[in-house]
Structures are given as C-alpha cells and as structure tokens.
Amino acid sequence: MKRSLRTAVAATAAGFLLLTGCGAGSGDDDATDSSADGSTADDGDGDDADPGDDTPAGEPTALTVGFTAEPANLDFTTTDGAAIPEALLVNVYEGLVKLDQDTGEIVPLLAESWEVSEDRTIYDFTLREGVTFSNGEEFTADDVKFSIERVQSDDWSVSLKSGMDVVDEVEVVSPTEVRVVLTEPSNNWLFRMTTRIGAMFTPTGVDDLANEPVGTGPYVVDTWNRGDSIVFAANDDYWGDAPAIDTVTLRYFADPTAANNAMLTGDIDVIGTVQAPEALDQFENEDRFQVIEGTTNGEVTLAFNNESGPMSDVRVRQAVKHAIDREALLETAWAGRGYLIGSHVPPTDPWYEDLTGMYPYDPDRAQDLLADAGAEGVTLRFRIANLPYAVAAAQVVASQLADVGITAEIEPLEFPARWLDEVFTNADYDMSIVAHVEPRDIGIFGDPDYYFRYDNEELRDLLTAADAGTPEEQIASMQDAARLLAEDAVADWLFLLPNLIVAADDVTGLPENRVGESFDLTAISRS
Amino acid sequence: MVFALSLLLASAVVFAFMAVLPGDPARVALGVQATPEALEATRAEFGLDRSLPAQYLDWVGGLLQGDLGRSYVTRADIGPQVFDRLQVTAWLVMAGMLVALVIALPLGVLAAVRHRRLSGMMLSGASQVGMAVPSFLAGILLVSVVAVQLGWLPPGGWVVPADDPVQFLRRLILPALALGLVQGAVVTRYVRSAVLDVMREDYLRTARAKGLGPYRALVKHGLRNAAIPVVTVLALQLATLLIGAVVVERVFVIPGLGSLLLDGVANRDLLLVQSVVMVLVLAVLLVNYVVDVLYTVLDPRLRRAG
C-alpha cells in the first residue's frame, strides 16, 4: 500500500509540474500565443488553426468571442431571447434586407433591389442569383414565400411574428422576382424584415431548427457544446465575399469576471458585450487591448404603473422624473458609460431628438409637484429585475427619491422567472427597472395591456400614422410620439446601455453601434 | 430496499420544492415575446396544465423506464444532456478528490506523528485555516494569481479529454486544486485524528517495543486500521465535493452538472433540475454503497460478521 501510494503521489506531482511548466513556457514566449491555445482548444481542433495564430503577421483565421447569455436553443421561431438572433442573424441566417451597421439604414442583402408602389402597399423584390442554403438547396422566390407565410403560421410562436400580420399575400413572379402585397402601408414591415422574422428558410431545412439551423449566411454552425460554446465555420459555398475569419467560436460566460479573466489571459479575443463596465480600466490601460464604445437599443427604463397606485397620477410621475439626477446615476450605476436619452428612442434611430432637457434634476420642483398631488411622503413598491444594471440603478434612484420625501422600497425579483410573473404579467408594482433591448420598440407603449398599463389613443394614432406615412411623415410622427411619452412621464429613461466591446488590438471590423438584433461577424478581420 | 426508498423520498422532496418555486416555466421558456396561445400550447405540450400528482407520477414513471423527459427550454431530451455534463463533473470531482488525498494522507500522518512538535502543530493549524476557505474563494484566488497574474494556466473553460488531452489537463488543474485544497485541509484533520487514535493502541506500542521506528510501525500495523474512519469521511466529503463542484464550475466556466443545475433553476426548467438532483442523489447513495463494500475489504472482521 505504501509503495503504490508513494508512486501515485510522485507521478501526480510530476504530471502537474510538467503541465504547468509547459504552460508557463508558452505563455512567456509570446503573449498572443495563449489566445491561440484558447481558440483552438475550444473548437477541439487545434491542428488547422494553430499555424495562423502562431504567426501574428500571417493570416490568423480563428477568433473567439465571449458573450454573456447562451441561447437556450437555436430556434428563434419558437424561443424568445436576444441571444439567438444575436448569434445567428446575418451570420447564419440572412434576410432580404439588413441594417447597415454604420448608418442604421436598410440595405439590400438577399434582395438585390426593391421597388415600392405609389400607395406604399406593394413591394417588388429582385433576388440575388446563385445563392444556396447550407444544405445545398438553391434560394429562390419560393423560399421567400415559404418563409414569410411560415411566420404567419402556427410554426412561429414568438409574439414578434405579429410584424408579419400586415402581409396580405406573397406572389412568386419568377424564380428571382417576388411581390409582397401589404394590407396597408407599413414602414415598420420593411424594418422588421431586417430582424429575425425576416430570416429566409428553405422547406427542407426546418426539421430541427433548435439544433441545426440552415441558412444562406457566410457561416454555418459547426458544433455546439452546450453550456460552453458555439463554433461557426465559414460557409464554403457562400454567395458573397468569404468572411476573413474561418472559424469563430462564441463562448458563453455567465459570470462577467470570468469573461474578463479569459480576456486578460488571451483565452478569448473579444468580449462582445461587457457586463462589468467598472472593470474596463484594466483593459484601457494596456496597449494589447482596444475598447470600443457605442450605442445600443437597450433603454434602461424606470417603468411606472400608469394605471393604479400612486404612479397613476401624472404629477407624481413627473415629480419622480425631476427628482432623479441621471448624470450622477449613470456615474454610480454604470461607471459613467452609456448615454442619457429623454425618451424611448436611441440615437441611431432616424427620428432621435435630444429630449434630455425636458426633466432637469430639480428636487424643489419635484417637491412642489408632490405637494400639488397630495402625495408627500408617498411609499412606492420598487420591484426590480435582479440584474446588475437594475440593482445598481435602483439604489441610486431610491436614495435620490428619499431626498424629496419619497420612500421607494426596493425588492429585487429573480429575473426572468419572478419578474416576468409579477411585474410583467400581473403589473403588480409601482416602479420597476429593466432594459428594453429590442430595436425600434416604442410600440410597446401603445399596448394598454403591456406592463406600463398606459392607455392613450393619441399615442396609438401617432404610431399608426408613422407606420403608414412617407419616410418624412414617419420621422415627424415618431418624434411626436417620443415627445408625448416624455411629456406624459409614462416612464423615465435612466440611460441607454452602451455597446461596450473589449478586443485584442489586432481585431478590426467590430460593430461600434449595435443597431439591429445580431452581432455582425461578417466584417471582422485580424491585421 | 433502503436504496429504493431513499430515491423515492428524494424524488418527492425535489418535486415538491420545484412545484412551490415561483415563476411560470412556460412563460420563462418562451419569454416576453410569447403569445398567449404559444404559452397554452407549451403548457399542454409538457403537461404543465395537469394536476401536480399526475405530473409527479408521470415523471417518476419515466424515471423508472430510464426516460428523464424533455427540457422545456431547449426542447431536447434531458438524458443525453445530463450524461454529457455528468462526465465533466465526474472528472472534476475525481481530480479534486485526488488532490485532497495527495495533500491529506502525507500531511495528516505527519501531523499525527509530530503532534507534540512545532511542525505538527503548524500543519494542524494550517489545515484549520484551509478548512475555513470556501472553494469558490480558492477558485477566484487561483484564477487571479495563477492564470491572470502569472499566466501559467488558462483561467477556465473546458476541453473534452479525447479532443486534446494536454489542454484538458491544463484546464483541469486549477478547478481541481480549488476543490481539492479545501477538501484536503478537511481530510488532513481526519487523517491526523485517525492516526493519533491508532498510535495510542496497544498493538502499535508492541510494534515499537519490537524495535520498529515510528513510521515503519505505523505503516506496517497502523494505516490499515486508521483507513476505516478516513474512508467514511471520504465518502461524506465526496458529497461535499459534488456540491462544491456546482460553484467551482461557475467560477471556471465549466459545462458540468452544476452549471446545468443553476441554469435550469434560473430558467425554471423544472424537469431538468429534478433530473440533475436525482442523478446527484443517486451518485451519493452509490458512493455510500461502495464505502460499505470497502469496509469489508479493509477490515476482514466485518466480512465474517456480515
């Protein structure tokens, strides 16, 4: 017993030393080498990616990007969650149109061009030729008809599918021409075609969407290691320019610190969405990293219950808005990263207006409004999502409200399960905080059943007019709608979540602003 | 029999806990964007609209046939998922146990033999400190020092051993240390006290009187007897190690049972959580069974008695 034990101990110790020793060696030789280790290890396929990474001047063809939330499955037709389109849209699935990353404009993708009829109800698309799906099927007008009608069928179950309600019929004119007829003019519809509901499917590729997506995009899903990573491989038959990176690994970190550590040690090359902005200093102070800061569609919303309780009084809502010093809040809650917005519109939308001056920080005015409403010393049930930004912001809000005599009792609710149940579904709250991250989602305020419980015919008319009008009319009406929301103090927009990316300094083509639903990998390369 | 009863009881307790957890699984699975019709359809699809006893019987019935059911969230069969993750966690627990033993056996014996000398007391004190450190803290410290500061090993992640054995081992070391160091400290104390007990036995004094040195006497006559209480403790510690792995997997971003369990709870993937817990319960019961067998190997007297 003694001898075998001693042998085992010695062997183990020797093994440990060897392993750490070899790790230390490769780590010291070359700082970028360890990133090669990370990416190759993750796709479990070290041989072909290694040579590229070992010569920084050559052509590195692998990239590992860290994200927070892993998709529950790969089927966004039945499963909600931003993580699925974030990974798949544009990269694996393509639509007829997409959003330009820089300008936010709608640009051609699988459609070469399109024409809109005089009355804005008929869209004639000319399709790109020579496009194939990753299962070998050719992409034709039949697939467009199939995909659009599938959104309208029961096969799609996420409520975003309502974006396709306005489509009356889809006509296949020729294999490369398709006509979409709308029941009424709708600017929203073409925009929605850039989101997940516009993704093009083929009838032979929808059998196992949860695990095997079949699209026309520049990447295909190579392997999915549940709980860890998704590996994309370049689609050899892609119709457009082949992406510069052959293998992209999306790795998922539930813990932001773990993602930071992986970045610091070169285990990953990019953090796609930084969740701990206070930790950015450690990257900004080093030359081997770059930090990209831009806008997103994520409005961190201080939601009010407009229907019942103290917040149903507009004066109380306005008082709360005047009592909040948003600049100080942003500094404390999100390390000063992010943007102040005065309504539910991010700066990348064409109808953005700076409304941040409408409710300046003015505690005296807040107290006057409270006195006016007879609501001095009111107590609010402040039921927030237990997410980092919400918890941090809620503490600042509560302390600022205390200064004007409002007691806000913070109750963090487990997100998503309890928050969805109690705040979102039952509207059992006075105030809440959550980020609304869908693009162009101001329409949620038009729905009286949404948890804001805001019922305003005037707003709905403006939203309808914006949808039906010319591009100029759309902008004007949307601006009016955003202004109306702010005036009526339907909610407070604490700040806009920043698009924070940390990347190795040789990575280029990362999206500065996040305008759509996807994390667009197609423009990324390494110099 | 006791085995089956324990499992049955565990299944009832787990199911009851899941049933009282607030939150609508269908709503969480489908999210903010789900239509009411889709919610209804999902509830019907997974039988969430039936009475709780019916759901329970259905689940246990499936378990008996080896069918763990389908996940609400991923809509994939739970069995293969749990099996994949179990392999990861098994590596972790085994490696953690190995580290604990490598630390505890020599140090425990040393601390016992020298219990009156300064070196023995220092060892004993150090193990006390080690016990007080939770493994997630050890994990965070190891990552920040060994991985981030020194750059010797990767800070986390997982590689399947068959794909790349070297990377696999490099990524296993830190989590195994995080788990094993703390366990090692705990086990050291048990080894020390077991060896101390044995050292007071008459037969050991006889051995010393025959002229054997303290270590030789202990090795030849004492260790086997000291092993019995230590093995008992190891079995208990294995259960602790499993629980520790849940947290350590989070720190090191390892896709094991623990990560699966935590994600399952967050997503209200009730069936998945129930299955993972049952697998853990089964593992602990099996370990206890193996320990019973080990007793008889270590101590032939128990064989005769049985």
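This briefing covers chain B of the structure and the nonpolar core to which it contributes.

The structure is a predicted model. Chain B has 13 helices and zero strands. The largest nonpolar core has 226 residues, and those with the most contacts inside it come from chain A, such as Val270(A), and from chain B, such as Leu174(B).

**Chain B overall**

- Read along the sequence, the pattern of chain B is α-α-α-α-α-α-α-α-α-α-α-α-α.
- The C-alpha trace of chain B spans about 85 × 55 × 35 Å along its principal axes.
- Chain B has 306 residues, and 42% of them are buried.
- If contacts in chain B are limited to residues at least 6 apart in sequence, 69% of them join residues at least 24 apart.

**The largest nonpolar core**

- In soluble globular proteins, nonpolar side chains tend to be buried together.
- The residues with the most contacts inside the 226-residue core are Val270(A), Ala393(A), Met431(A) and Ile433(A) in chain A, together with Leu174(B), Val191(B) and Val276(B) in chain B.
- Helix H8 of chain B, residues 165-199, gives the most to this core, with 17 residues.
- On the chain A side, this core draws at least three residues from domain 1 (2-288 + 505-526) and at least three from domain 2 (295-498).
- Val276(B), one of the core residues with the most contacts, is in contact with Val82(B), Leu257(B), Leu260(B), Leu261(B) and Gly264(B), leaving aside its neighbours within four places in sequence.

**Packing of H8(B) and H10(B)**

- H8(B) packs with helix H10 of chain B, residues 214-251, at an angle of about 150 degrees, and their axes are 8 Å apart.
- Angles over 145 degrees count as roughly antiparallel, so H8(B) is roughly antiparallel to H10(B).
- The crossing of these two helices, H8(B) and H10(B), is right-handed.

**Arg208(B)**

- Arg208(B) lies in helix H9 of chain B, which covers residues 202-209.
- Arg208(B) counts as partly exposed because it has 16 C-beta neighbours inside 10 Å, whereas a buried residue needs 20 or more and an exposed one has 12 or fewer.
- Leaving aside neighbours within four places in sequence, Arg208(B) is in contact with Pro214(B) and Ala217(B).
- Between Arg208(B) and Pro300(B), the separation is 92 residues in sequence and 24 Å in space, C-alpha to C-alpha.

Note on methods
Residues numbered from 1 in each chain as written. Chains lettered and ligands numbered in written order. Predicted model: local features only at pLDDT ≥ 70, side-chain atom pairs only at ≥ 80, totals over all residues. Core = buried A, V, L, I, M, F, W, Y, C linked by C-beta atoms within 7 Å. Helix = DSSP H or I, 4+ residues; strand = E, 2+ residues; numbered from the N terminus. Domains from an automatic or database assignment. Contact = placed C-beta atoms within 7 Å. Axes fitted to C-alpha atoms, helices over the stretch in contact; angles between N-to-C directions. Parallel < 35°, antiparallel > 145°, perpendicular 65-115°, else oblique. Left-handed = near helix turned anticlockwise from the far one by under 90°.
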